[in-house]
Amino acid sequence: MSAVAHGERPLAEVRSARWASALATALALVLVAAAVEVVLDGALGHSAEIPLQPDISGWLTTPVWGGARIGERLGFRVFIIALLASTGAYGGLVVLAGRAGAWTGRARRERAQAPAISARWAIALVAALQLIVFAGPVLISTDVFSYIAYARMGVEHGMNPYLNGPLAIAGDPVFKYVGTDWIHVATAYGPLYTLLSYPLAPLGVVGALWGMKLEALLASAGTLALTWRCARARGLDPVLALLVVGANPLYVLYGLGGAHNDLIMMLTMMAAVSLMLAPRTPGVGGIGARREAGAAAWVVAGALIKATVAVLLPFMILSRRRLAPILGALAAIALGALAGYAVFGIHGIDLVAALNRDAAFVSTDSFATEIAHLFGKPGVFPVDHDLLKAALVAIVLYLLWRTWRGYDWVAASGWALLAISVTSTWLLAWYILWPLPLAVVTRDRRLLAATLAVQALFVVHQTSPLLAPVK
Amino acid sequence: MNEASLPAADARWRWLPAWLRPLPEARAGGREKGRAWLIETWLLVLVAVFLAVATVNDLGREVDINHRLVADLATWRHYTHHDYVNISIDQETLGLDSGREVLCGNTIPGAPGEKTQICLAIWGPVRDGLRGVHGGWYLPPYHPDTPANRYGCFGPAGQGRCPR
């Protein structure tokens, strides 16, 4: 009988496992080092990648023995190098974690015999990345200061953030930190998010900023825990799922680094998916109507934070073909609309108007802009917006038909979110995070491949200052 | 499999046309390798290639613009003999995507736009890190670059751009 038959592992396999473990450690170190570099340089103050903000992380760069701060302010070059290094290391880790098709239960059993990446190791890495970024300054985006401005507008100034832009509170200490593009713009976020942000307003700008960062960290932790749970419920590898989402450079540096409320939206999204994927109760014969109603209510709650997640609802309803999710959604919509209307008036629940307004924005990173340039146009024209909307509607209709015919509703929802970000003329890094947790809890691996490919293209598009630096 | 156990082959839907009828569970999963799956995959590959081409093309375009802007800044500093950092670059006045830019900066030290500004119209190939200056105009302090605010126009690019 062979050694394998006795349960012993051949020498080559042992060596391979050791190499894989060593490589995984090296890649993890690159990820951590890149995050540390970004945070430490970022802590030195305002720069091209660090928005103007209160000095919340200066202590990170002040030597314990006193004296001047060490390091250099975060410029394009260092940030892009760190981003590229992170992306490369992340890609390597994902390949290692998923080697030999660890996606499936069979390979998971094989992996359990020779884990290059253990569950404990993966959790420690993801936790370290999240905490490093949490301790640092706000990275890249000024959005969090808009969130604080809207909260302070309502609580400290008695104004409706759905009717006024931050310019209305120009004397408030948070105003100078709000991005110049947004000072005239009323909030586009849902009433639930605005209400969630209100308790932070009296804490002052620094207190509110830490509160926002903590909210983002907790939402991220919750999203990752639910992603793990959903992967297990579907017989997929939870370690791989955790790494793909939690160690993702865009998720860590842009999503968590900017304390974006997209993380809270993703938490509600994964809460809904988790409820729908919960194991059957013996004897009951399927997930209960209450769970389905609860899942639909979670989606609505997410849409009352950021409307995009509402796209999950029709897929969820079509997949179950029962009344419970419809009733759950209707009840949550009624409750949310009532609360939103009571506090903010009609504008607080007019999410369609906010979506339409945002859909008109154009960013240089959007694929629409890139395609316009490819065809020799200077940018996106109004007719392009209409074409893109038509393409999105066609894609969503096709996905609905596929879901009705039995295609996995989680995957279909992920495709729809990916299609929204790809067809949007206003593409930001944290928008292409939306489908990621869904992509790792579905068996259709094309969704994960497509999501990561889109993210890779986004990263590639950031590299122009590295290739031709502007002095 | 739990969630995916759908009432797919439900008799309720027999009245629907075949293309609209839910598939039996075995054929409905995400790993279905039917014709639809194959077509979808090919379409996705084509879209991915298209987006990759667009991205790389745009990256090249941005690199080219950065290269040009570096030369523009150096040209403004070389021409005015002022090593200032705050110089505004306008890519629209002389035509978006024309490769022709207008760069404005203070004539004497001060905050951006706080002093009289000199604007230079710059275009042409980059030679020794510089591009050609084809004229320009002046702006009073605190005034944006609009035709009404321009004065002292000079060179071919400045002709007809001053109100008087």
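Let me start in one loop: Ala259(A) sits between helices α9 (249-256) and α10 of chain A. Helices here are DSSP runs of H or I with at least four residues, strands are runs of E with at least two, and both are numbered from the N terminus. Phi of Ala259(A) is near 50°, a positive value in a residue other than glycine. As background, most residues other than glycine have a negative phi. Is Ala259(A) buried or exposed? Ala259(A) is buried, because 28 other C-beta atoms lie within 10 Å. The cut-offs are 20 or more other C-beta atoms within 10 Å for buried, 12 or fewer for exposed, and partly exposed in between, with C-beta atoms placed from the backbone.

Now the conventions. This is a predicted model, in which local features need pLDDT of at least 70 and side-chain atom pairs count only at pLDDT 80 or more, while totals for chains, interfaces and linings use all residues. Residues are numbered from 1 along each chain as its sequence is written, and chains are lettered from A and ligands numbered from 1 in the order in which they are written.

On confidence, the model scores ipTM 0.89 and pTM 0.88. Chain B has a mean pLDDT of 85, with 87% of its residues at 70 or more; pLDDT is the predictor's confidence in each residue, from 0 to 100. Over residues 1-8 of chain B, pLDDT stays under 50, and the model has 20 contacts beyond four places in sequence for them. A contact means two C-beta atoms, placed from the backbone, within 7 Å.

Chain A next. Its secondary structure comes to 20 helices and 0 strands. The radius of gyration of chain A is 23 Å, which agrees with the value near 23 Å for a compact globule of 471 residues. That radius is taken over C-alpha atoms, and the globule rule is 2.2 Å times the number of residues to the power 0.38. Along the principal axes, the C-alpha atoms of chain A fill a box of roughly 80 × 65 × 50 Å. Of the 471 residues in chain A, 50% count as buried. Among contacts in chain A with a separation of 6 or more, 74% join residues 24 or more positions apart.

What about the core? The largest nonpolar core has 150 residues, and Ile148(A), Leu243(A) and Val299(A) touch the most other members. Helix α10 (residues 262-277) of chain A gives the most to this core, with 13 residues. A nonpolar core is a set of buried Ala, Val, Leu, Ile, Met, Phe, Trp, Tyr and Cys residues joined through C-beta atoms within 7 Å. A second, separate core of 15 residues includes Val102(B), Leu103(B), Cys119(B) and Leu120(B). Back in chain A, and leaving aside neighbours within four places in sequence, Leu243(A) is in contact with Leu93(A), Val94(A), Ala97(A), Ile117(A), Ala122(A) and Val126(A).

One helix in more detail. Helix α16 (residues 382-404) of chain A has 23 residues and reaches 33 Å from its first C-alpha to its last, close to the 33 Å expected at 1.5 Å a residue. The expected span is 1.5 Å times one less than the number of residues. Buried in α16(A) are Leu388(A), Leu399(A), Arg402(A), Thr403(A) and Trp404(A). The buried residues of α16(A) pack against α12 (312-320), α15 (367-374) and α17 (409-423) of chain A. Just after α16(A), Gly406(A) takes a positive phi of about 120°.

Chain B has strands to discuss. Strand β2 (residues 101-106) of chain B is largely enclosed by the rest of the structure, because 6 of its 6 residues are buried. Strand β1 (residues 88-90) of chain B pairs with β2(B) in the antiparallel sense over 3 bridges, and Ile89(B) stands opposite Leu103(B). Pairing requires at least two bridges found by DSSP. β2(B) and β3(B) are also antiparallel, over 6 bridges, with Cys119(B) as the bridge partner of Cys104(B). β3(B) and β4(B) pair in the antiparallel sense over 7 bridges, and Cys119(B) stands opposite Trp137(B).

Last, the other positive phi. Asp128(B) lies in the loop between β3 (117-127) and β4 (130-139) of chain B, and its phi is about 55° although it is not a glycine. Asp128(B) is exposed, because 8 other C-beta atoms lie within 10 Å.
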